[in-house]
Amino acid sequence: MTRLLRRLLLLTLGLYLFLPILASLAYSLATSWTTLLPEGYTLKHWANLLENQRFWLSLGRTALLSFSVVALSIFFLVPTLFVVRMYYPKVAGVLEFLTLWPFVFPGVILAVGLISLYSGPPLQLAQTPFLLIAAVTVISLPYAYRAVDNAFAAADIKTLAEAARSLGADDAKTLAWVILPTVLPGVLSGGVLAFSAAFGEFALTQLLIGTLWETLPVYQVQLARTDGNGSAAITVLSFLAAWGLGFWALSLRKDAKVSVI
Amino acid sequence: MSLGLRGASVGVALLFVVFLLLFEVLPGLLLARVFWNEGHFSLASWAEATRPLFQRALRNSLELAFYSALQGAVLGTLTAWALWSSSNPLVKRFTTGLSAVAANFAGPPLAFAFIVLLGGNGFFNLILKGLGLPTVDIYGKEGLYWVYLYFQWPLMTVLMLPAFGAIQREWLEAARSLGSSQWGFWWRVGIPVLLPSILGSYILLFANAFGAYATVYALTQGQRNLLPLQIGFQVGGDIGYNPVLASTLALMMALVLAVSLVLYRLSRRWAARMEQV
């Protein structure tokens with residue numbers, strides 16, 4: 001009885017997670033689909049999508065956005081967590097509070113605040129990709145922060161640094177040869193999570209910049225109005241990106257904890 | 001040298017704080033500006049934001065979050081239990097990894113995937129039709145629950161796994177050898193130990209659904225009276241630009257999320273106490 005219930009639950013979950021994606025794959029390859037299975041299969045929709053310049057431009061913007069967010073997150077988080085863990089552990093509470101902020105002010109709310117703050121001088125950043133990059137960095141911060149902070153906590157860098165110093169290494173050498181290699185998997189996993197969050201970001205993009213600087217999710221919403229099959233192909237691509245990145249991030253850590261708060 | 005490295009890192013940390021103030025804290029705090037009108041405290045925008053239309057939006061959003069979290073919580077807790085009681089490490093690892101990844105998959109791709117499956121001529125609906133069963137209306141009220149369950153169910157599963165980890169399987173065996181039934185064990189020991197975690201995770205699921213914008217926007221092209229969509233309309237829609245109303249509605253939403261965050265932190269503290277016992 002217990003075993004049956006267990007199997008049924010896990011099987012249903014598996015079906016629930018895979019069926020929508022498999023159906024999208026089939027739809028992106030279908031000539032027409034009005035009976036139980038598609039009437040025929042074709043690569044036409046994929047070819048149309050891959051020949052479309054708008055698709056490549058939006059994909060390029062999404063990649064640019066995601067890489068910028070990762071670069072900015074790592075640039076801020078690694079030195080900050082290094083000094084906080086090493087010299088100012090009391091500040092850690094403030095930092096944690098700041099990473100909880102997006103929980104109370106998610107994308108939609110943040111967008112409202114940013115638009116009213118940056119629509120005029122002195123910093124007229126509204127409707128520029130720069131504001132979008134900053135905003136998406138803020139929103140994906142909880143993910144990256146968790147991963148990088150866990151790496152620093154697990155490495156016990158204070159002890160590591162003392163050991164390196166007693167062996168004659170100076171601070172720069174300690175950082176480059178001892179601390180960075182130890183925390184690298186955690187930093188990388190944080191970067192991958194931030195990349196994935198930025199790649200799929202929609203609310204901030206749509207509200208802050210919309211079709212002026214179309215990213216892949218925004219383009220998909222536009223495309224879906226006229227070409228369901230092409231939109232299904234984008235679903236398949238987004239799914240592959242999100243799941244590939246997700247499993248990569250997981251493989252960089254030992255536990256399979258999901259990053260929330 | 002020593003000071004150079006430390007100094008540079010402190011410099012970046014300070015830059016980070018400025019960045020957070022500019023793009024995180026200030027935009028959030030600035031929303032409260034709506035309570036000032038020409039230097040005086042004023043509730044005029046609050047009166048506008050509590051018009052029946054927006055009251056309904058708030059109620060619809062609360063209802064959606066409440067039930068969608070409930071569905072996810074029930075199924076996710078059961079799934080975490082199934083993984084806890086399973087002795088197949090491969091199934092465990094695979095399902096855990098799958099859930100951790102799926103819990104973060106949302107937005108337009110997910111909405112369109114469900115339209116393919118549950119739209120008018122969707123695969124699943126064709127099966128239901130063939131069996132003579134009622135079909136699912138993905139654009140209707142129930143449709144959102146089907147889509148949200150896609151991330152809520154795996155999210156609850158991963159959130160509950162550590163809590164189940166605190167329950168030793170030997171306890172169950174000990175209880176059974178003392179004559180307790182399996183149900184008796186869960187009723188007297190299992191559920192009390194799990195309860196704080198169930199509540200805390202439920203709150204996270206609730207907030208997750210309450211603040212979600214992307215999935216529902218793509219699914220209905222914004223044609224639903226929900227709080228996040230109403231906020232979006234006021235700043236980016238075709239209806240008009242009304243930042244004061246948008247800020248007030250956003251504050252309303254932030255208030256609900258802030259209460260959720262406090263409740264979540266309290267439940268975490270309670271859970272930590274339970275797991276120590």
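Mentor: Two residues are said to be in contact when heavy atoms of the two lie within 4.5 Å. By that rule, and setting aside residues up to four places away in sequence, A:Leu208 touches A:Ala111, A:Leu114, A:Ile115, A:Gln127, A:Leu131, A:Leu132 and A:Ala135. The model is predicted, and local features need pLDDT of at least 70, side-chain atom pairs count only at pLDDT 80 or more, and totals for chains, interfaces and linings use all residues. Residues are numbered from 1 along each chain as its sequence is written, chains are lettered from A and ligands numbered from 1 in the order in which they are written, and side-chain values use heavy atoms, with hydrogens and water left out.

Let us begin with chain A as a whole. Its secondary structure consists of eleven helices and zero strands, where helices (H or I, at least four residues) and strands (E, at least two) are DSSP runs numbered from the N terminus. The C-alpha atoms of chain A occupy a box of roughly 75 × 65 × 35 Å along the principal axes. Of its 261 residues, 53% count as buried; buried means under 20% relative accessible area, exposed over 50%, and partly exposed in between, with a 1.4 Å probe and protein chains only. Among the contacts in chain A with a separation of 6 or more, 71% are between residues 24 or more positions apart.

We now turn to the interface. Here 84 residues of chain A are in contact with 89 residues of chain B. The two chains bury about 7900 Å² between them, 80% of it on carbon and sulfur atoms. Buried area is the accessible area (1.4 Å probe) that two parts lose on being put together, summed over both. Across the interface of chain A and chain B there are nine residue pairs in polar contact, both residues being at pLDDT 80 or more. A polar contact is a pair of N or O atoms within 3.5 Å; within protein, one must be able to donate a hydrogen and the other to accept it, and residues adjacent in sequence count only if both atoms are side-chain atoms. On the side of chain A that touches chain B, the largest share, 16 residues, comes from helix H1 (residues 2-29) of chain A. Sorted by class, that side has 64 nonpolar, 16 polar and four charged residues. In this scheme Ala, Val, Leu, Ile, Met, Phe, Trp, Tyr, Cys and Pro count as nonpolar, Asp, Glu, Lys and Arg as charged, and the others, Gly among them, as polar.

How many salt bridges cross the interface of chain A and chain B? The rule finds one, a salt bridge being a side-chain nitrogen of Lys or Arg within 4 Å of a carboxyl oxygen of Asp or Glu. It joins B:Arg265 to A:Glu96, with the closest N and O atoms 3.5 Å apart. A:Glu96 also forms a salt bridge with A:Arg146, again with the closest N and O atoms 3.5 Å apart. A:Arg146 lies in helix H6 of chain A and A:Glu96 in helix H4 (residues 92-104) of chain A, so this pair ties together parts 50 residues apart in sequence. A:Arg146 counts as partly exposed at 29% relative accessibility, and A:Glu96 counts as partly exposed at 23%.

Another salt bridge is found within chain A, between A:Arg85 and A:Asp149, whose closest N and O atoms are 3.0 Å apart. A:Arg85 is in helix H3 (residues 53-86) of chain A and A:Asp149 in helix H6 (residues 129-155) of chain A, 64 residues apart. A:Asp149 is buried, with a relative accessible area of 13%, whereas A:Arg85 is partly exposed at 34%.

Finally, consider the nonpolar interior. A nonpolar core is a set of buried Ala, Val, Leu, Ile, Met, Phe, Trp, Tyr and Cys residues joined through side-chain atoms within 4.5 Å. The largest has 182 residues, and those with the most contacts inside it include A:Leu208, A:Trp243, B:Phe23 and B:Tyr148. Helix H7 of chain B gives the most to this core, with 15 residues. B:Thr157 is placed in helix H7 of chain B and counts as buried at 1% relative accessibility. B:Gly165 lies in helix H7 (residues 141-165) of chain B as well, but is partly exposed at 49%.
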